[in-house]
Amino acid sequence: MTAPVPAPRQATAGADRYPDDVKNMLTVGLARACRYAGTRPDCQVLAVVRYGQLALCAHCDRRRSTLGKGTQPVALPDPSALLQIAAARHACQQAETGLRNAVAAARQAGHPWSAVAAILGATRQAAQQRFARTAGHR
Ligand SMILES: [Zn+2]
């Protein structure tokens, strides 16, 4: 496995317009920016193939005419796989917040820790240790 090559400076100019996860991937070098990122409105920003030093997103690769002709394409790891991890992590964080709020609401409604634990499939002690700080310890 080769280390990702940092995106050329000009390709990430204006990167602050991109979603945070895309911005982060470009900033830390987990993905390369398409040569046309920021210049073509329909560019997908994250490169999936390169021809020598020329990196292109899937859309710009389909539009490619003579650019990089004669140079063998090298497929880059699919950046959407990392975006899916970021999306799943975000969903987990939202679910955790929802769970904490639900436990707090149940406690405020008067349900004992034993009921909260039963619905969580956990022991009373485990439920209390995990949620007591946000749900009120009583
Ligand atoms: Zn592109």
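Me: Angles from 65 to 115 degrees count as roughly perpendicular; what makes helix 3 and helix 5 roughly perpendicular to each other in this predicted model?

Reply: In this predicted model, the axes of helix 3 (residues 79-108) and helix 5 (residues 124-135) cross at roughly 75 degrees and come within 9 Å. Because the range for roughly perpendicular runs from 65 to 115 degrees, helix 3 and helix 5 are therefore described as roughly perpendicular to each other.

Me: Which residues meet where helix 3 and helix 5 are in contact, and how many of them are nonpolar, polar or charged?

Reply: From helix 3 come Arg 100, Val 103, Ala 104 and Arg 107, which meet Phe 131, Thr 134 and Ala 135 of helix 5. Sorted by class, the contact between these helices holds four nonpolar residues, one polar residue and two charged residues.

Me: Why is Val 45 called buried?

Reply: The cut-off for a buried residue is 20 or more other C-beta atoms within 10 Å of its own, and Val 45 has 27 C-beta neighbours inside 10 Å, so Val 45 counts as buried.

Me: Where does Val 45 lie, and which residues does Val 45 touch?

Reply: Val 45 sits in the loop between helix 1 and strand 1 (49-51). Leaving aside residues up to four places away in sequence, Val 45 touches Tyr 18, Val 22, Ala 33, Cys 34, Ala 37 and Cys 57. The phi angle of Val 45 is near 75 degrees, which is a positive value in a residue other than glycine.

Me: What makes a set of residues a nonpolar core, and which residues have the most contacts inside the largest one?

Reply: The members must be buried residues of the nonpolar kinds listed for a core, Val and Cys among them, joined through C-beta atoms within 7 Å. The largest such core has 17 residues, and those with the most contacts inside it are Ala 33, Cys 34, Cys 43, Val 45, Leu 46, Ala 47 and Cys 57. Helix 1 (20-27) and strand 2 (54-56) each supply at least two residues of this core, and the largest share, three residues, comes from helix 1. Another core, of six residues, lies apart from it and includes Val 116, Ala 127, Phe 131 and Ala 135.

Me: How many helices and strands does the protein chain have, and what pattern does the protein chain follow along the sequence?

Reply: The protein chain has five helices and three strands, and, read along the sequence, they follow the pattern α-β-β-α-β-α-α-α. Of its 138 residues, 22% count as buried.

Note on methods: Residues numbered from 1 in each chain as written. Predicted model: local features only at pLDDT ≥ 70, side-chain atom pairs only at ≥ 80, totals over all residues. Buried ≥ 20, exposed ≤ 12 C-beta atoms within 10 Å, placed from the backbone. Helix = DSSP H or I, 4+ residues; strand = E, 2+ residues; numbered from the N terminus. Contact = placed C-beta atoms within 7 Å. Axes fitted to C-alpha atoms, helices over the stretch in contact; angles between N-to-C directions. Parallel < 35°, antiparallel > 145°, perpendicular 65-115°, else oblique. Nonpolar A, V, L, I, M, F, W, Y, C, P; charged D, E, K, R; others polar.
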